[in-house]
Amino acid sequence: MTPRDRVLGALVALIWGINFVAIHIGLQHFPPLLLAALRFGLIALPTVLLVPRPQVPVRWLIGYGLGFGTVQFVFLFIAMDIGMPAGLASLVLQASAPFTVLLGALLLRERPTVRQGAGIGLAVLGLAAIAVSRAESAALLPVLLTLVGALGWAFGNLCARLAAPPDPLHLTLWMTVVPPVPLLGLSLVLEGPAADWAALRAAFTPSGVPGLVALVYLVLLATVLASGIWTALMRRYPAGVVAPYSLLVPVVGIGAAAAALGERPTIVELAAGVVIIGGVLLGTPRVPRRPRAGAAPAGSGLWRLPQRSP
């Protein structure tokens, strides 16, 4: 990678890491399901009007939107709303990588390599250590919900891979058309119209400014800008070269949460985080760089799917 592209990769990790702090702030002003619906709805409307629909099978587009956009954020946002720390959420969500490989083996009969199997084992060991640590403090439920969110992300990864889009950015943008309706429907049923309207009215008062700023960050920076840069990098280089930059996301997430929110992970959680990141890194294949620039990366390894952080 060129020095400029290395900086861009680090910038994406920075934006996505801080993203978890933005989610925490947003959840103080919006119900979790409404916040998720707004995040995707504000992107979906201009996408339908301005971006050509990707020429991919509709079932994979819908599957991508339901897995990545709906299931992931329903469970992640609810988990963070009931107490999942922002920094720990950025780490546990990395489980999407080994989940992707496992789902590929179960559903697509793609056999993991020995290296991928070892990486999955390390990641699962780290996640188990966090679960045991959290169970001792009666805070296991948010971790489990975040893991379900990571599973939804992994399912979305499979659908995105099977879609094989000629323009990945168009697929990413059109994916946002799927989640708003189910998310808004769930919000109206579970959170109630009164709570949603109250949050929307309060958003346009002085006390609601932090929530609006957080929402703008989620929409423009975390989704449009960072995903756009990430997609461009994935088209220039083999995914195995770019994907390790996503391992910086929990590092930034934990640091940002400590600085902005005063979160202090335990020694067990930090040690487990190192094990998880090591497992993800071990399971990321080393792909030789291809000389042609601007081409989509080749290869069938599920671990090399573009990993987009919330």
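**Notes on the model**

1. Helix α4 gives the most to the lining of the second largest pocket, with three residues. Helices (H or I, at least four residues) and strands (E, at least two) are DSSP runs numbered from the N terminus. On a 1 Å grid over the protein atoms alone, a pocket is an open set of points with protein on both sides within 12 Å along at least five of seven lines, where a cavity is a set in which a 1.4 Å probe fits but cannot get out; lining residues have an atom within 4 Å of a point.

2. The model is predicted: local features need pLDDT of at least 70 and side-chain atom pairs count only at pLDDT 80 or more, while totals for chains, interfaces and linings use all residues. Residues are numbered from 1 along each chain as its sequence is written, and side-chain values use heavy atoms, with hydrogens and water left out.

3. The second largest pocket holds about 160 Å³ of space, a volume being the space filled by probe spheres set on grid points that are joined across faces, edges and corners. Its lining has 13 residues, and P85, E263, R264, P265 and E269 lie nearest the centre. Two or more lining residues come from each of α4 (86–92), α13 (248–261) and α14. By class, the lining has seven nonpolar, two polar and four charged residues. Here Ala, Val, Leu, Ile, Met, Phe, Trp, Tyr, Cys and Pro count as nonpolar, Asp, Glu, Lys and Arg as charged, and the others, Gly among them, as polar.

4. E269 sits in helix α14 (residues 267–282). With 4% relative accessibility, E269 counts as buried; buried means under 20% relative accessible area, exposed over 50%, and partly exposed in between (1.4 Å probe, protein chains only). Neighbours within four places in sequence aside, E269 is in contact with L88, L91, I130, S133 and R134, where contact means heavy atoms within 4.5 Å.

5. How many aromatic pairs does a search of the whole structure find? The search finds six. One of them, W16 with W230, is tilted, at 5.3 Å centre to centre and 55 degrees between the planes. Rings of Phe, Tyr and Trp (its six-membered ring) pair if their centres lie within 6.5 Å; planes under 30 degrees apart count as stacked, over 60 as edge-to-face and the rest as tilted. W16 belongs to helix α1 (residues 3–27) and W230 to helix α11 (residues 209–236), 214 residues apart. W16 is buried at 0% relative accessible area, and W230 is buried at 1%.

6. The F68 and F73 rings form an edge-to-face pair, because their planes are at 80 degrees, with the centres 6.0 Å apart. F68 is buried at 6% relative accessibility, as is F73 at 1%. Ring pairs join F40, Y64, F68, F73, F77 and W153 into a cluster. R39 lies over the face of F40, 5.9 Å from the ring centre; this requires NZ of Lys or CZ of Arg within 6 Å of the ring centre and within 35 degrees of the ring normal.

7. D5 lies in helix α1 and is buried at 3% relative accessibility. Beyond four places in sequence, D5 is in contact with L233, R236 and Y237.
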